[in-house]
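Subject: Structure handover

Hello,

Here is the structure for your set. My notes follow below it.

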Amino acid sequence: MTEECQICAKHRGEGTLRGELVARLNGFWIYHAPPGEDGLAPLGYLFIESDRHAPHLDDLSDEESAALGRLRTRLARALRNEGGPEYVFTAVVGRGVSHFHEHMFARYPDTPQDVPWQRSDEFAPRADTNEVRNLARRLARHLKEA
């Protein structure tokens, strides 16, 4: 028997993967990272996931790639407008998942200069479920206005 796709289950609101849904646009789902065991999440840590099975960046169609580029820019702008980060980074680092997914995370002004870019989320403000939900709603409004 084939194992159920974890991302498909997440998109249906089932399974073990979680996150606060920001929006579903142009073939992509955007989620804010869920709180960890301490009940807090790094504020502004997002996942962009393909609607369909497309495990690699080069599996995206030209239309999906264009939509992804616009989505990244709009999300980065929305994060900077809403949360005050100094930088917004993205990274495609997933392996072994049948959906394209990209991580987007913020670097806030009070992050020590010697912290490498890829560890910026470790110094982000920590947010509870309500604060994450509120940010997700504000980001969704920015996407609708764009």
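Leaving aside its neighbours within four places in sequence, which residues is Arg-80 in contact with? They are Pro-85, Glu-86 and Val-88. Contact means heavy atoms within 4.5 Å.

First, the ground rules. This is a predicted model, in which local features need pLDDT of at least 70 and side-chain atom pairs count only at pLDDT 80 or more, while totals for chains, interfaces and linings use all residues. Residues are numbered from 1 along each chain as its sequence is written, and side-chain values use heavy atoms, with hydrogens and water left out.

**Arg-80**

Arg-80 is found in helix H2 (residues 62-83). Helices (H or I, at least four residues) and strands (E, at least two) are DSSP runs, numbered from the N terminus. Arg-80 is partly exposed, with a relative accessible area of 47%. On this scale buried means under 20% relative accessible area, exposed means over 50%, and partly exposed lies in between (1.4 Å probe, protein chains only). Arg-107 is 27 residues away along the chain, and the two C-alpha atoms are separated by 9.9 Å.

**The sheet**

The sheet is open and has 5 strands. Their order is E1-E2-E4-E6-E5, with antiparallel pairing. Two strands pair if DSSP finds at least two bridges between them. E1 and E5 (87-91) are the edge strands, each pairing on one side only. Neighbouring strands are turned by 20° against each other on average, direction ignored. Axes are lines fitted to C-alpha atoms, for helices over the stretch in contact, and angles run from 0 to 180 degrees between N-to-C directions.

Now strand E2 (residues 28-32). Of its 5 residues, 5 are buried, so E2 is largely enclosed by the rest of the structure. Phe-28, Ile-30 and His-32 point one way, and Trp-29 and Tyr-31 the other way. In general, side chains in a regular strand alternate between the two faces of the sheet.

E2 has a partner on either hand:

- Strand E1 (residues 20-25) pairs with E2 in the antiparallel sense over 5 bridges. Ala-23 stands opposite Ile-30.
- Strand E4 (residues 46-50) also pairs with E2 in the antiparallel sense, over 5 bridges. Here Ile-30 stands opposite Ile-48, and Phe-28 has Ser-50 as its bridge partner.

E1 and E2 form a hairpin with 2 residues between them. Asn-26 in that turn has a positive phi of about 50°.

**The helices**

Helix H3 (residues 129-145) lies across E1, E2 and E4. H3 runs at about 15° to E1. H2 and H3 pack at an angle of about 130°, with their axes 9 Å apart. The two helices are therefore oblique to each other. For these labels, under 35 degrees counts as roughly parallel, over 145 as roughly antiparallel, 65 to 115 as roughly perpendicular, and the rest as oblique.

Which residues meet between H2 and H3? From H2 they include Leu-71, Leu-75 and Leu-79. From H3 they include Leu-135, Leu-139 and Leu-143.

**Cysteines**

How many disulfides does a search of the whole structure find? It finds 0. A disulfide here is a pair of cysteine sulfur atoms within 2.5 Å. For Cys-5, the nearest cysteine sulfur is that of Cys-8, 3.7 Å away. Cys-5 is buried, with a relative accessible area of 15%.

Best regards
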